[in-house]
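Look over the sequence and the model before reading on. The report takes up strands, helices and aromatic rings in turn.

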Amino acid sequence: MRMRTSVYQCARYFMHEWGADFPSYDPKGDEDARPFLWVANTGGGWYQAVGAVNFRKRNWSHVSPWGLEWIWLHPFARGRGYLKAAWPYFEQEFGDFIPEPPYSPAMRHFLLKNWRGELGDMFRKNNGVEERASKL
């Protein structure tokens, strides 16, 4: 329950940062959610949550049933490779999932470089940066 509460707190931070109406995660149980929590070793056997991501089962008939609903990393943890290191695992676990907007500029840049497959190609094309993305 402690880890679920930490994921919920990250969902609340995401909500405040993006102006959402409510946190999109219920720590008491959410059968369509698959959350992951990032922790950092602070020394002395202590760990601190530095971010979380939530995948949600969707009822999309024409694409992957999984959406990357939200991701939030503490500002000090951003740009340190947490998502890049986990991305191959997420691809293996959820297949051709869909990262759902809104996207921060950093997340948009990350997706342009790392989102593969047909959906990633469409994302790059719709952003008008297919040529620039190939040079990144």
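What follows is a brief account of a predicted model.

Strand β1 covers residues 33-43, and strand β2 covers residues 46-57. The two run antiparallel and are joined by 10 bridges.

β1 and β2 form a hairpin, with 2 residues between them. Gly 44 sits in the turn. Its phi is positive, at about 65°.

## Helix α2 against helix α3

Two packed helices are described by the angle between their axes and the distance between the axes. Here the helices are α2 (residues 82-94) and α3 (residues 105-114). Their axes come within 12 Å and cross at roughly 50°. α2 and α3 are therefore oblique to each other. Their crossing is right-handed.

Which residues make the contact? From α2 come Leu 83, Lys 84, Trp 87 and Glu 91. From α3 come Met 107, Phe 110, Leu 111 and Asn 114. By class, the contact of α2 with α3 has 5 nonpolar, 1 polar and 2 charged residues.

## Aromatic pairs

The structure holds 16 aromatic pairs. One of them joins Phe 55 and Phe 94. The ring centres of Phe 55 and Phe 94 are 4.0 Å apart. Their planes lie at 15°, under the 30 degrees cut-off, so the pair counts as stacked.

Phe 55 belongs to strand β2 and Phe 94 to helix α2. The pair therefore ties together parts that are 39 residues apart in sequence.

Conventions:
Residues numbered from 1 in each chain as written. Predicted model: local features only at pLDDT ≥ 70, side-chain atom pairs only at ≥ 80, totals over all residues. Heavy atoms only, no water. Pairing = 2+ DSSP bridges. Helix = DSSP H or I, 4+ residues; strand = E, 2+ residues; numbered from the N terminus. Axes fitted to C-alpha atoms, helices over the stretch in contact; angles between N-to-C directions. Parallel < 35°, antiparallel > 145°, perpendicular 65-115°, else oblique. Left-handed = near helix turned anticlockwise from the far one by under 90°. Contact = heavy atoms within 4.5 Å. Nonpolar A, V, L, I, M, F, W, Y, C, P; charged D, E, K, R; others polar. Phe/Tyr/Trp six-rings, centres within 6.5 Å; stacked < 30°, edge-to-face > 60°.
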